[in-house]
Amino acid sequence: MARFLRLIINIVILSALLLISVQVWAQDWRPVRGGIPFGISGIALIEQQSNRLDFLIVHDNKQKNQGRIAIISIKGKNQPEYFPLNWPNNTELPIDLEALTSVPEKTKSSFIALSSSGKAYYIRLEPTNKTISVLKEFNLPGIIQGSNFEAFGLQNINGKLVAIWGHRGEGEQPATIFWGVFDLAKYQITLAGFANLKVPFPSGNVRHISDIKVDPVGIVYITSASDAGDDGPFQSAVYVAGYLELLGNKIAWRQNSQLVPLYRSDYHKIEAMELVPGAEGGVVVGTDDENLGSYVYIVGGSSY
């Protein structure tokens, strides 16, 4: 009986220690809003100031009474502030926004949001009065029936505005990365190529690409995610998938043949990512944790 009591006490102590560890770990993740309608499916930097980061985010909602876009502000060690934005009344509400990117070499107020069907929205943000306008709607090139796009990025590489986007794939079906040159004057992307990709982690019902970003030298970062339902459990990872380079007038894709998880999570479903430069920057990720709402985390961040 005494041995049984000691066993029970040891189990209780171990459980308490594990709970404390999880709580300490969870403090690194900052909750944004609770509930399915507030999942973050895309994120882009608006402005980086001393001890403050402002981001535009999109939600993958489908109902009329649900939000599509918002601003979050992270100040110091405080929890993010959330400011919902209204979609313009003169344009139809988008369905299932899954990605968001800023437009290089434009003002910090120009963005492109992408829906899962491949429809893109060129957006201008007025930060002072927190309103947006939709300047243009257009479609990705070469859309294949059954595609489900969850990722879109833009970058100026050696004087060319390069677009990269991804069909998510699922399970044994690989993701597909597409790339091309973007003519902003015509709102037209010329498809240059595509490649399939599968990640080693997570496994099971993994979405091999849940977001994508490319840096100024062409390094391509992706996130991957899986979930077992609206209450999880969730798993995610961040990878360098490869890089884009210009060879004359052509864009070449060099895929990483040995994907290394730069970061992994067994608790959150990462569906959004942004690259924040500088000593206080890092890879910023946002989650769509379904019933558990949304969180943000700065991988490698220091002061925020």
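# Exercises: salt bridges, sheet and rings

D227 and K269 join their side chains in a salt bridge, 3.4 Å from N to O. By definition, a salt bridge has a side-chain nitrogen of Lys or Arg within 4 Å of a carboxyl oxygen of Asp or Glu.

Before you start: this is a predicted model, in which local features need pLDDT of at least 70 and side-chain atom pairs count only at pLDDT 80 or more, while totals for chains, interfaces and linings use all residues. Residues are numbered from 1 along each chain as its sequence is written, and side-chain values use heavy atoms, with hydrogens and water left out.

## Exercise 1: the opening pair

Solution. 

Step 1. Strands (E, at least two residues) and helices (H or I, at least four) are DSSP runs, numbered from the N terminus.

Step 2. Check accessibility. D227 is buried at a relative accessible area of 13%, and K269 is buried at 0%. Buried means under 20% relative accessible area, exposed over 50%, and partly exposed in between (1.4 Å probe, protein chains only).

Step 3. Follow shared partners. One network of salt bridges joins E150, R168, E170, R207, D227, K269, E271 and E290.

## Exercise 2: two further salt bridges

Solution. 

Step 1. Get the total: the count comes to 14 salt bridges.

Step 2. Take E137 and K119, whose closest N and O atoms are 2.9 Å apart. E137 sits in strand β9 (residues 131-139) and K119 in strand β8 (residues 119-126), so this pair links parts 18 residues apart in sequence. E137 is partly exposed at 30% relative accessible area, and K119 is partly exposed at 27%.

Step 3. Move on to K198 and E172, a salt bridge of 3.2 Å, N to O. K198 is in the loop between β13 (188-197) and β14 (207-214), and E172 in the loop between β11 (160-167) and β12 (175-183), so parts 26 residues apart in sequence are tied together. K198 is partly exposed at 40% relative accessibility, while E172 counts as exposed at 66%.

## Exercise 3: an open sheet

Task: In what order do the four strands of the open sheet run, and which strands are its edges?

Solution. 

Step 1. Trace the order: β1-β21-β20-β19, with antiparallel pairing. Two strands pair if DSSP finds at least two bridges between them.

Step 2. Find the edges. β1 (30-33) and β19 (270-276) each pair on one side only.

Step 3. Zoom in on β20 (residues 282-287) and β21 (residues 294-299), antiparallel strands joined by four bridges. Here V284 has I298 in β21 as its bridge partner.

## Exercise 4: aromatic rings

Task: Which ring geometry, stacked, tilted or edge-to-face, describes F149 and F178, and which describes F152 and W165?

Solution. 

Step 1. Count: the structure holds 12 aromatic pairs. Rings of Phe, Tyr and Trp (its six-membered ring) pair if their centres lie within 6.5 Å; planes under 30 degrees apart count as stacked, over 60 as edge-to-face and the rest as tilted.

Step 2. F149 and F178 have ring centres 6.2 Å apart and planes at 65 degrees, so the pair is edge-to-face. F149 lies in strand β10 (residues 149-157) and F178 in strand β12, so parts 29 residues apart in sequence are connected. F149 is buried at 2% relative accessible area, as is F178 at 7%.

Step 3. F152 and W165 are tilted, with 6.4 Å centre to centre and 40 degrees between the planes. F152 is in strand β10 and W165 in strand β11, so this pair ties together parts 13 residues apart in sequence. Both F152 and W165 are buried.
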